[in-house]
Amino acid sequence: MTEVVGVRDDQRIQRDVLAELAWDARLRPNEIGVTVDQGVVTLTGFVDGAARGWAATRCAQRVRGVRAVADEMEVRLPGTPGRTDAEVANAATRALEWDSFVPAERLDVTVANGWLMLRGEVEFGWQRRAAEGEVRRLDGVRGITNLIEVRPAAPPAAERLRRDVQRALMRTLGGERVTVEVDGDTLVLAGVVRSWWERDQVERVAWSAPGVRVVHDQLLVGG
C-alpha cells in the first residue's frame with residue numbers, strides 16, 4: 001500500500017474529498033459516503049457503473065493528505081433494461097480493437113453478470129494498463145479483473161534498464177526523489193513523491209520500459 005508522509009486532520013481531509021467529488025461533473029456526490037481514519041479514506045454508497053466508481057476513487061486520491069483509499073462502493077446498474085453480458089463483451093472487444101496500441105488479437109474478454117475479465121498476453125506493461133482503461137468506461141460494466149500477463153520479448157539488461165528508467169523519471173519529475181532497483185524483469189520503485197498524480201507518472205514510466213514484467217511500488221506520497 002502506498003502511504004503518505006505527513007498528517008492532515010481527518011475532518012479536513014473528509015471535507016476536501018467531499019468537495020472534490022462535488023467538483024467532478026462525472027459524479028453524483030450525494031450518492032457517495034466518505035469517512036476518514038488516520039488519512040485512510042473509505043468510500044461507500046452506490047454508483048451506476050465501474051467507471052463512476054473509478055472516478056470517485058481518483059477524486060479521493062487527488063486530495064492532499066490521503067494515505068490510501070478503500071473502495072466499498074456498490075455498483076448498481078440502472079433499473080431499466082441495460083446491456084446484456086454479450087453486448088458488454090462485444091463492446092469491450094470493439095473498444096480494444098479500436099485502440100491501435102493494444103494487441104487485441106492476443107486478448108480474451110469474458111463477462112458474467114456485468115463483471116468483465118481480461119486475459120491474454122502483451123509485451124509491455126503499459127499495454128496491460130491501456131487495455132483496462134479502454135473497457136473501464138463502458139456502459140454496463142460492474143467491475144474488471146485484469147489477468148493479462150506481461151511477457152517481454154527479451155530479458156532486460158539490468159543496469160541499462162535502471163539507468164534508462166531513472167533518466168526518464170528525471171525528465172518527468174525533474175528530481176531524484178525516486179530510486180529504481182532492478183531484479184531480473186522486476187522494477188522496484190522507492191522514495192517520496194508529492195502527490196498521487198506524481199505516483200501515477202512514476203508507474204507509467206516504469207511500465208513503459210522494455211523488458212519489464214513486474215513493478216513493485218514502494219513509494220511514499222508526501223502530504
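Helix H1 passes helix H2 in a right-handed crossing, meaning that the near helix is turned clockwise from the far one by less than a right angle. The contact (heavy atoms within 4.5 Å) brings together Val17, Glu20 and Leu21 of H1 with Ala56, Cys59, Ala60 and Arg62 of H2. H1 spans residues 10-23 and H2 residues 50-62, and the two pack at about 135 degrees with their axes 9 Å apart. Axes here are lines fitted to C-alpha atoms over the stretch in contact, with angles running from 0 to 180 degrees between N-to-C directions; helices are DSSP runs (H or I) of at least four residues and strands (E) of at least two, numbered from the N terminus.

This is a predicted model, in which local features need pLDDT of at least 70 and side-chain atom pairs count only at pLDDT 80 or more, while totals for chains, interfaces and linings use all residues. Residues are numbered from 1 along each chain as its sequence is written, and side-chain values use heavy atoms, leaving out hydrogens and water.

Turning to charged pairs, the count comes to 20 salt bridges, each a side-chain nitrogen of Lys or Arg within 4 Å of a carboxyl oxygen of Asp or Glu. Arg62 meets Glu20 in one of them, at 2.9 Å from N to O, linking H2 to H1 across 42 residues. Arg62 also forms a salt bridge with Asp24, with the closest N and O atoms 3.6 Å apart. Asp24 sits in the loop between H1 and strand E2 (32-37).

Elsewhere, Glu203 and Arg129 form a salt bridge at 3.4 Å, N to O. Arg58, Arg129, Arg199, Asp200, Glu203 and Asp217 are linked in a network of salt bridges.
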